[in-house]
Amino acid sequence: MTSGRGLEDAVWALLHEALHHYRDHPWAADRLRHELARLEEPLRVAVAGGWRSGKSTLLNAIMGEQVAPVAGVDGEDTFTWYEDGPAPGATAWSTDGVPQELAVTRSATGLRVDGPGWRPGELRDLVVRWPTRALRQLTLIDTPAVADPDERGRAPVVERALRDADALLYLTRDGRDSDLRALDSERDETGGGRIDALLTARQLVRRQQRDPRVAARCVHALACSGTVGLAGRTLGEADFAALAELARVPRPELDAHLLSADRFVRAGLPVGLSADARAALLERLGLFGVRLATTLVRTGCDSRVKLSTELIRRSGLTELRESVNRLFVDRQGTLKARSALVAVEGLLRAEPGPATGELLGAVERIVAGAHEFAELRLLAALRAGRVGFAAEPAAEAQRLVGGEGTAPAARLGAEHDATARQLWELAVDAQWRWRERAEDPTLRLVQRRGAEVVARSCEGLIVELAGPPRRSTPA
Ligand SMILES: Nc1nc2c(ncn2[C@@H]2O[C@H](COP(=O)(O)OP(=O)(O)OP(=O)(O)O)[C@@H](O)[C@H]2O)c(=O)[nH]1
Ligand SMILES: [Mg+2]
């Protein structure tokens with residue numbers, strides 16, 4: 001069993017071992033060095049989804065500025081990477097394998113590069129360096145639209161995203177925009193509909209999350225409006241002034257103008273806002289966003305900062321960022337280790353050599369032995385309902401193996417202000433109960449094995465909470 005940095009150390013050692021065996025094989029050695037470097041780099045998160053599902057908008061919302069998409073790139077097959085860098089710049093990687101340095105400038109809708117004019121399908125990756133705090137821990141990858149999945153297999157874009165990235169944010173409009181669209185019709189606002197749209201949508205997502213087909217494929221489902229989130233993050237004083245101006249119009253009158261984009265932009269609204277200014281607001285916030293923002297101004301968000309904060313909260317962006325931190329960033333060592341193992345295994349099978357058997361054995365031992373992976377496997381099985389625990393122990397097991405975050409308080413379901421002593425007691429109690437289950441002969445084998453994994457997670461917590469970290473390095 002490995003714990004702490006054990007898994008990462010094991011993967012690091014394996015990569016060096018492989019590098020030693022492939023030292024005379026430039027292509028393979030290069031791949032391995034690349035994987036070694038990647039262990040030290042920020043976690044890679046790909047944003048994927050169908051055509052116009054809001055990928056670029058969400059990426060901008062996470063970044064807090066409008067950088068995507070990059071104009072001057074034929075996007076059919078291009079992955080656009082956004083990574084932290086000292087100064088703006090980009091590297092284009094096309095099918096000929098020769099990297100090309102490009103200048104990056106801001107455009108009206110995002111960024112722009114002046115490339116040489118690639119043939120369709122020629123540009124595979126555009127790596128944009130952009131100095132921002134948002135990218136210190138994460139590299140974000142904007143991906144081409146996933147084609148409608150009609151066949152059984154995964155879409156090629158998803159395949160590639162899973163290979164290039166450590167984690168995936170997959171956007172779907174189902175159960176979200178259909179809700180918002182329904183709310184655009186003649187629903188009565190006092191019925192609670194309109195302004196709760198995201199909440200409604202969120203409840204719908206919760207239901208979706210309990211659907212085993214969704215649960216088996218993703219770690220978490222949540223509702224998020226990239227448009228509203230981005231508008232919240234980039235809201236300027238002029239935007240606030242325009243929205244405050246709109247909010248002064250009596251509600252029934254404004255609502256009548258907000259039934260469609262045409263009506264909103266057309267003359268007739270009794271405000272001192274030009275048609276261009278209204279069109280710009282609509283472009284930034286959408287009809288739903290304008291309606292939400294004006295209602296918020298009316299009900300107390302009387303400054304730019306207050307409105308911005310509330311828009312971000314209502315958009316679901318705060319929850320999304322917390323989930324990304326909890327489920328991806330906090331687990332980045334494990335996720336990166338997994339990416340490296342997948343890469344090494346692929347390389348060993350593509351370029352077999354005398355040490356292949358031995359190295360594949362080492363990969364297998366790490367995969368089977370690492371407790372972090374056992375936790376992820378159990379989580380997937382629990383989410384898909386494959387273990388057969390009753391609802392309550394199933395939920396507790398998910399929590400204890402890190403399904404809601406890997407910090408001790410998150411695993412133990414404790415309040416944030418719980419003392420170390422309280423956490424330790426919770427861990428001891430949980431360990432005792434799950435150890436009992438692991439040894440309960442009336443349970444099925446799959447349940448006892450699952451309980452064993454949970455009990456080990458509890459033991460890890462007990463050690464972690466028992467005092468200053470001790471590294472057990474036998475002499
Ligand atoms: N209602 C609503 N509209 C959104 C949301 N996110 C984005 N949009 C709008 O949907 C359109 C497409 O958004 P993009 O972010 O360009 O979508 P994309 O997935 O990057 O599109 P492609 O790269 O062309 O596939 C734009 O008009 C956005 O304003 C959202 O959360 N809710
Ligand atoms: Mg896009």
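In strand S7, Leu 111 is the bridge partner of Arg 106; strands here are DSSP runs of E with at least two residues, helices are runs of H or I with at least four, and both are numbered from the N terminus. The structure is a predicted model, in which local features need pLDDT of at least 70 and side-chain atom pairs count only at pLDDT 80 or more, while totals for chains, interfaces and linings use all residues. Residues are numbered from 1 along each chain as its sequence is written, chains are lettered from A and ligands numbered from 1 in the order in which they are written, and side-chain values use heavy atoms, with hydrogens and water left out.

S7 (residues 111-113) and S6 run antiparallel and are joined by 3 bridges; two strands pair if DSSP finds at least two bridges between them. An open sheet of 3 strands, with mixed pairing, has the order S2-S7-S6. Its edge strands, S2 (70-71) and S6 (104-106), each pair on one side only. Strands of a sheet pair through backbone hydrogen bonds, either parallel or antiparallel.

Around ligand 1 there are 15 residues, of which Arg 52, Lys 55, Ser 56, Thr 57 and Thr 227 come nearest; a residue is near a molecule if one of its heavy atoms lies within 4 Å of it. Polar contacts are pairs of N or O atoms within 3.5 Å. A backbone N or O atom of Arg 52 lies 2.9 Å from an oxygen atom of the ligand. For Ser 53, a polar backbone atom is 3.0 Å from a ligand oxygen atom, and for Gly 54 the distance between such atoms is 3.0 Å. Taken alone, ligand 1 exposes 650 Å², and the protein buries 71% of that; accessible areas come from the Shrake-Rupley method with a 1.4 Å probe. The elements giving two or more residues to the shell are helix H3 (55-63) and helix H8 (226-234). H3 supplies the largest share, 3 residues.

Helix H17 (residues 371-383) has 13 residues and reaches 18 Å from its first C-alpha to its last, close to the 18 Å expected at 1.5 Å a residue; the expected span is 1.5 Å times one less than the number of residues. Because 11 of its 13 residues are buried, H17 is largely enclosed by the rest of the structure; buried means under 20% relative accessible area (1.4 Å probe, protein chains only). Among these buried residues are His 371, Phe 373, Leu 376 and Arg 383. H17 is followed by Gly 385, whose phi is positive, near 70°.

How values were computed
A polar contact is a pair of N or O atoms within 3.5 Å; within protein, one must be able to donate a hydrogen and the other to accept it, and residues adjacent in sequence count only if both atoms are side-chain atoms. Buried means under 20% relative accessible area, exposed over 50%, partly exposed in between (1.4 Å probe, protein chains only).
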